[in-house]
Structures are given as C-alpha cells and as structure tokens.
Amino acid sequence: MEQIDWKNLSFGYRRTDYNVRCYYRDGKWGEIELCSEETIPLHMAATCLHYGQEAFEGLKAYRCPDGKVRVFRADENAARLQSTCQGIMMPEIPTEMFIEMVEKVVRLNERFIPPYESGATLYIRPLLIGTTAQVGVHPSEEYLFLIFVTPVGPYFKGGFACNDYVIIREYDRSAPLGTGIYKVGGNYAASLRANKMAHDLGYACEFYLDAKEKKYIDECGAANFFGIKDNTYVTPESTSILPSVTNKSLMQLAEDLGMKVERRQIPVEELSTFEEAGACGTAAVISPINKIDDLEEKKSYVIAKDGKPGPVSAKLYQKLINIQYGIEEDVHGWTRVVID
Ligand SMILES: *Cc1c(COP(=O)(O)O)cnc(C)c1O
C-alpha cells in the first residue's frame, strides 16, 4: 500500500479504492453498485457528451480531532442537485439515496481520509450524466449517477490569505435566465476564457457582473461573493449565481453573531464601501478579497487593510471550520457522523 504524503496534497485527482454508481433505466433508479474502475463505459452519442446533460456536486468529509469522520450538509447538496435536475431535465436523485451513496463511498475509502493535523480533507464528487445514445436534442432516457472521492490538500497552504480579483466584462459565465443557478459543467466551460484572462493578467480569479446590465455583482469565479460593512453581511441576489451551501451557512452564522444579513443586488460601485469582502465555497470556505480591479473603468477597489483578512471574515471562517471539524457545537445540525 502506497504511503500518501498528507502534508503535500494538492487540489487534484488521486485514485482511491472505490466509487459508487447507480443507473436510471425504465423510469427508475436501480441498485447502488460498488466499483473499483475509474472509467465509465459510455456510448459516443450519449446526451451528456453532445447536449451537456451533466451535473455535479462538491462536498467534503472531515477527519475530526475526536477521531470521527463528519460530512457537512450533504442534504443541501442533495437538494441543490435536485434543483439542477429540474433545470436540465434529468431525473432527481432522492435525498436518502444521495446520502446513502455519500456515506458508502466515504466508508469504503476510509484509508484515504487525511488525518486531522494535515489540514487535508476527502473531497466528494457526485456526478450525474445522461447516457442514452441520441442525435436529436431531447432529454436522455437513461442516466448514470456516480460518486467518487479524492483526498485534497488544504486550500490555504500558508494560512488564511487575501487574493486579487479582476472584473471581466468580455465574457459571461451565465445568462440571467440561463443555467447559472445550476451546478452544470456548461457554466464552467463558459468560464474558462475569463478565468484564463484573469490568470494571464496575474489575478487569482475573475469577477463577474450580471450579464444583462453589467451593473451588479454576480460571482467571484466559481465562488459566491459577500461583503461586510456596518455589522452587516451583504451577498448578491441574482438569477444567475449558484446557490452556495457555504454562503448559506455563513449567512446563518453571521445572524448567530448578531449581524444583519442582506441578500440583494449589489452595484459594482458599492465595492468601495465594504470593510471586508470574500469569496466563499466548499474548497476554501472563505477566500478573503484584497482588491478587485476594474480595468475598463480604470478603477481599483482595495478592500483589505494592509492586505490582511478582516476580523469578521476570520471569525466566520473559524466558526464554520470548527463546526465542520466537530470542535464547536453544531447547533443547526449541519454535520453527519459517517464514521464513529
Ligand atoms: C460550487 C459552486 C459554488 C460554491 O458552492 P458551495 O456549495 O459553497 O461549495 C459557487 N459558485 C459556483 C459557480 C459553483 O459552481
């Protein structure tokens, strides 16, 4: 058995022992199957390949200091996948089946769950694809739902740090009434050019405005945006952003801390008024924002003081991490012990 260097894991794919699969045929889901193959047999005319009938999810399992392994808000990922299924005409995966498969795949790959001290976690990737061979554009009749896991390193190797973003107006990742609210691969394909442009310019990530008016903040790459000012947590309301489970959790924690929470349109210029801002998602929890450059408008919104994360972001980050690792009491019942 190979030794894994837990301290030097990156965010990438690494083979584990098993994945779990379930096929949808004749209008119903079949039995859950264990599989040690990394590839999938797929017809070249499958709808996922031609018409983008593909959706995914992302969550993590945490090896906690008390020795237990916990999964964070898997029911929320199940609900979001159900919404995505409605969005691109795929059969829904019942929450119980989703959770059963998450628990199975984590337990089967226990030896790949990084130790607590490493800061690494087990990333869980559910994937749903349309598999029927078709040439006409209509929904597939058969589907494959699978979940694989892979150990991933901590997002912040040198600790919680700030990043620079750049507003990109040349490309949109999603349309106002398009698929931005669903976790589908097509949105990611649409984001690749903007992402490359941002990287080439030396930024951590691209920053999107609403596609229609280019007036309001949408998302920071593949993460939700939040800003902090006057003891208020402000996050965009938009029909083209992905409802992040992390953002939803942070809104609750902000409220628990006695802050006000506002979900509303955020005009770009309002960026100059935030005391702190961050990008949030499962990968980093919070990635604090140093500054956001608007090259076309020749403006730079510097948010962080001395390039350092603000106290509210740090507090929210710590609180959420502590719940995920079973260190702080889970008053909202967000975690599920998968291995006791
Ligand atoms: C997955 C994703 C997020 C983050 O969602 P979490 O549930 O917090 O991980 C944000 N934006 C986009 C576009 C995403 O795909």
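Biologist: What makes the contact between the side chains of Glu103 and Arg107 a salt bridge?

Modeller: Their N to O distance is 3.7 Å, and a salt bridge is a side-chain nitrogen of Lys or Arg within 4 Å of a carboxyl oxygen of Asp or Glu, so the pair qualifies. Mind you, this is a predicted model: local features need pLDDT of at least 70, side-chain atom pairs count only at pLDDT 80 or more, and totals for chains, interfaces and linings use all residues. Residues are numbered from 1 along each chain as its sequence is written, and side-chain values use heavy atoms, with hydrogens and water left out.

Biologist: Why is Glu103 called buried?

Modeller: Buried means under 20% relative accessible area, exposed over 50%, and partly exposed in between (1.4 Å probe, protein chains only). Glu103 has 15%, so it counts as buried, while Arg107, with 42%, is partly exposed.

Biologist: How do you know that Asp200 and Lys196 are separated by about one helical turn?

Modeller: They're four residues apart in helix 4 (residues 185-200); helices here are DSSP runs (H or I, at least four residues), numbered from the N terminus, and strands are E runs of at least two.

Biologist: What makes Asp200 exposed?

Modeller: Its relative accessibility is 54%, so Asp200 is past the exposed cut-off.

Biologist: And Lys291 and Asp293, how far apart are they, N to O?

Modeller: Their side chains meet at 3.2 Å in a salt bridge. Lys291 is partly exposed at 22%, whereas Asp293 is buried at 7%.
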